[in-house]
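Please look at the sequence and the structure before reading on.

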Amino acid sequence: SDFKKNAGGGKVSEKAKKIASKGKYLLCVGTLEPRKNHKVVLDAYDEKLSSLGINLVFAGRRGWCVEDLLSRIDKHPKKDNGFFFLEGENDETIDYLYENAWAVVFPTFDEGFGLPLVEALLHGAVCAASDIPVMREVGGESADYFDPKSSESLSKMIEGYLSNEESYKNARERAKKYKPVLWDEVAATIKEALLTIKK
């Protein structure tokens, strides 16, 4: 989280600006692959969230072993009109999407560390993450957690934010207080562990 941003000079895509102008949206960042579990988010959108007037944005690349999901995305009846899939966007556009997201969803089944969750929290975004140990380690009390196997669990969380403004404000405040682990701290922890093992 403490790397300095490169001055890439890229421009925010017009499509991203248009999406943000259409109102509240849930953002899901990452390559489409089975472990990233985009399906549960799309299920929640189709079953409940779309009817509540919230939009959904997937931002990432087409991955592997997700042919059924990709077919569903390409043929989705609300594609580009409530549901959006942005591919190959630059860093400036991703930053813009984080900054303007009503909430960020991170539904992964399995993760090494979960840098997109760190990125989202550093933008002060309300974060709904899968209830797995690594996500709790990364997000702590700054994020909220749902069952990654249950679209209903995610829907209830989002519906709770929508129906209770105080709850949403609280989630936003917790996100703003997020303190990420710095690379130097990680390196020091690893060094200490290795020295302990050596002894």
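## A residue in strand β2

N55 is located in strand β2. The model is a predicted one. Is N55 buried or exposed? Its relative accessibility is 12%, and buried means under 20%, so N55 counts as buried. Apart from neighbours within four places in sequence, N55 is in contact with K22, K24, Y25, L26, Y45, G82 and F84.

The rest of the strand can be described in the same terms. Strand β2 covers residues 55-60, and six of its six residues are buried, so the strand is largely enclosed by the rest of the structure. Both of its faces are covered. N55, V57 and A59 are buried on one side, and L56, F58 and G60 are buried on the other.

## The partners of β2

Which strands pair with β2? One is strand β1, residues 25-29, which pairs with β2 in the parallel sense over five bridges. In this pairing, L26 stands opposite L56 of β2. Between the two strands the chain passes through helix α2, residues 38-47, and this β-α-β crossover is right-handed.

Strand β3, residues 83-87, is also joined to β2 by five bridges, and these two strands run parallel. Here A59 has L86 of β3 as its bridge partner. The chain gets from β2 to β3 through helix α3, residues 67-74, in a β-α-β crossover that is right-handed.

## The whole sheet

The pairings belong to an open sheet of six strands, in the order β3-β2-β1-β4-β5-β6, with parallel pairing. Which strands lie at the edges? They are β3 and β6 (144-146), each of which pairs on one side only. On average, neighbouring strands of this sheet are turned by 25° against each other, with direction ignored.

Further along the sheet, β4 and β5 pair in the parallel sense over three bridges. V104 stands opposite C127 of β5. Helix α2 packs on the sheet and touches β1, β2, β3, β4 and β6. The direction of α2 makes about 160° with that of β2.

## A residue in strand β5

A129 is placed in strand β5. Its relative accessibility is 0%, so A129 counts as buried. Not counting residues up to four places away in sequence, A129 touches F106, L117, M135, D144, Y145 and F146.

A129 and P107 are 22 residues apart along the chain. The distance between their C-alpha atoms is 5.7 Å.

## Two helices that cross

Two packed helices are described by the angle between their axes and the distance between the axes. The axes of α2 and helix α7 (residues 151-163) come within 8 Å and cross at roughly 60°. The crossing of α2 and α7 is right-handed.

Which residues make this contact? From α2 they are V40, V41, D43, A44 and E47, and from α7 they are S151, L154 and S155. The residues of the contact divide into four nonpolar, two polar and two charged.

Helix α5 spans residues 115-122, and P116, L117, V118, A120 and L121 in it are buried. What covers these buried residues? The cover includes the strands β1, β4 (103-106) and β5 (127-130). It also includes the helices α4 (91-100), α6 (133-139) and α8 (165-176). After α5 comes G124, which has a positive phi near 75°.

## Positive phi in the loops

Most residues other than glycine have a negative phi. N37 is a residue other than glycine with a positive phi, near 65°. N37 lies in the loop between β1 and α2. With a relative accessible area of 7%, N37 is buried.

D80 is not a glycine either, and its phi is positive at about 65°. D80 is found in the loop between α3 and β3. Is D80 buried or partly exposed? Its relative accessibility is 41%, so D80 counts as partly exposed.

Technical notes
Residues are numbered from 1 along each chain as its sequence is written. This is a predicted model: local features need pLDDT of at least 70, side-chain atom pairs count only at pLDDT 80 or more; totals for chains, interfaces and linings use all residues. Side-chain values use heavy atoms; hydrogens and water are left out. Buried means under 20% relative accessible area, exposed over 50%, partly exposed in between (1.4 Å probe, protein chains only). Helices (H or I, at least four residues) and strands (E, at least two) are DSSP runs, numbered from the N terminus. Two strands pair if DSSP finds at least two bridges between them. A crossover is right-handed if, with the strands pointing away from the viewer, the path from the first strand over the helix to the second runs clockwise. Axes are lines fitted to C-alpha atoms, for helices over the stretch in contact, and angles run from 0 to 180 degrees between N-to-C directions. A crossing is left-handed if the near helix is turned anticlockwise from the far one by less than a right angle, and right-handed if clockwise. Contact means heavy atoms within 4.5 Å. Ala, Val, Leu, Ile, Met, Phe, Trp, Tyr, Cys and Pro count as nonpolar, Asp, Glu, Lys and Arg as charged, and the others, Gly among them, as polar.
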